Amino acid sequence: MCRVRQEEDLSFDIYVSDFRKLVPLAHKTSVVPHIIERHGLPFVYRECAKKWSFYLGFVMFLFLLDFLSSFVWKIDFYGQHKYTKETLTREIAQLQVHRGMFRRDLDCDALEKSLRQLHPDISWVSAQEDGSVLKISIKEGKEKTPKKSDALPYHLTAKFDGVVESIAVNRGTAAVKKGDRVKKGDVLIRGIVPITDDGGNLVENQTVAAAGEVVLRVNEKLTGEIPVKYMKKRATGHIVKTYQIQGGKYIFFAKNPFKQLDNSSKYDIITKVCYDNTWYPLNWKIYIQSKSYLGYRLEQAAYTQEELKAEGNRRYHRWVDERLQAGMEILSKKASMKKKNEDSWVLSAEISFLCRDMDERAVSEQESESKKTEGDKNGESGENS
């Protein structure tokens, strides 16, 4: 009997139906076939069935990703200067446009039209979707300053005592010239324009709303008394905290029942917003705010030399900052402190600045009538002559 000896391995691809036909041949030849790899959809399905939780989670992830991409999750604004992002967000929320809304409900053309109707000074609005982000670009037009009516004539007067550095008249007549020293309330540009005939005779004085630019050099002297003794806050250590919790339209208040406010005491109130957000897509407003009441009492205290200097420096810089915020151009400044008596010190400051602001003073009926009378008299004298 001849036996077939296996000298080397033989590998090949075969269908499952053909593999079953090898059973009689393998039995006759005493060959044991081994399956090295399995390929095909049935075997893939069997492997997936063993790891069904992993593949089910992957399919759910794809479904969730597709579902969440159908919402608007972010709204960005570009180009606005006058209107804040918070203001525009509240306004478009009233138009049913907010984070968490379905993208199919978003009408960009209607949103653009509504924003232009709400704000006529906005010259151009563009709203477009970029995935789940709504991008709103805004171009604001130049703000139109209302023109002052000539029916209400007025003079322009000085806000401070000073020296005229320069003057330029756009409407009206100049009442001062460069180098003149003026006092607060003096007329710088008159709201009266003389009308003359060809011969130079005064015919009429027309009242107008004066306009122009006058630069005053102001040398302002300021003094202030700083008492040595003052009332100082001393913390008592009594702290009471309260919480305000808002969920949608419902508001709740929480407080420690063992700590009560003493109406006879004084408190510093510190308010802190712990959480302020909207849960989408349910559009639930969640707001949590805490208030801390810090008790204190007033005690009489006295400034040290260093504290007096710090208090004087604070008041001096406050004077300077007030003029800078008013648009003044600071030229020079200096300050000094002197002891007045045992109970107080005196802070003296001298600030030199340029002032371009002027006050308005209405042209009175007497002024307008007197000017008209002068014109009538001059006209009559011209006719008599």
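Author: Arg-323 counts as buried, at 12% relative accessibility. This is a predicted model, where local features need pLDDT of at least 70 and side-chain atom pairs count only at pLDDT 80 or more, while totals for chains, interfaces and linings use all residues. Residues are numbered from 1 along each chain as its sequence is written, and side-chain values use heavy atoms, leaving out hydrogens and water.

Reader: What makes Arg-323 count as buried?

Author: Buried means under 20% relative accessible area, exposed means over 50%, and partly exposed is in between (1.4 Å probe, protein chains only). Arg-323 has 12%, so the buried label applies. Arg-323 is found in helix α6, residues 305-325; a helix here is a DSSP run of H or I with at least four residues, a strand is a run of E with at least two, and both are numbered from the N terminus.

Reader: Which residues does Arg-323 touch?

Author: Leaving aside residues up to four places away in sequence, Arg-323 touches Glu-220, Leu-222, Met-328, Ile-330, Ile-351 and Phe-353. A contact means heavy atoms within 4.5 Å.

Reader: Why is the pairing of Glu-322 with Arg-323 called a salt bridge?

Author: The rule asks for a side-chain nitrogen of Lys or Arg within 4 Å of a carboxyl oxygen of Asp or Glu. The closest N and O atoms of Glu-322 and Arg-323 are 3.6 Å apart, so the pair passes. Glu-322 is partly exposed, with a relative accessible area of 42%.

Reader: How many salt bridges does the structure hold?

Author: The structure holds 19. One of them joins Arg-103 and Glu-129, with the closest N and O atoms 3.0 Å apart. Arg-103 lies in the loop between α4 and α5 and Glu-129 in strand β2, so this pair ties together parts that are 26 residues apart in sequence.

Reader: Gln-96 is in that loop too. Is Gln-96 buried or exposed?

Author: Exposed: the value for Gln-96 is 58%, and the cut-off is over 50%. Gln-96 also has a positive phi of about 65°, although it is not a glycine. Most residues other than glycine have a negative phi.

Reader: How do you know that β6 and β8 pair?

Author: Two strands pair if DSSP finds at least two bridges between them. β6 and β8 have 2 bridges in the antiparallel sense, so they qualify. The open sheet of 4 strands runs β6-β8-β4-β18. There, β6 and β18 stand at the edges, each with a single partner strand, so one side of each is left without a neighbour in the sheet.
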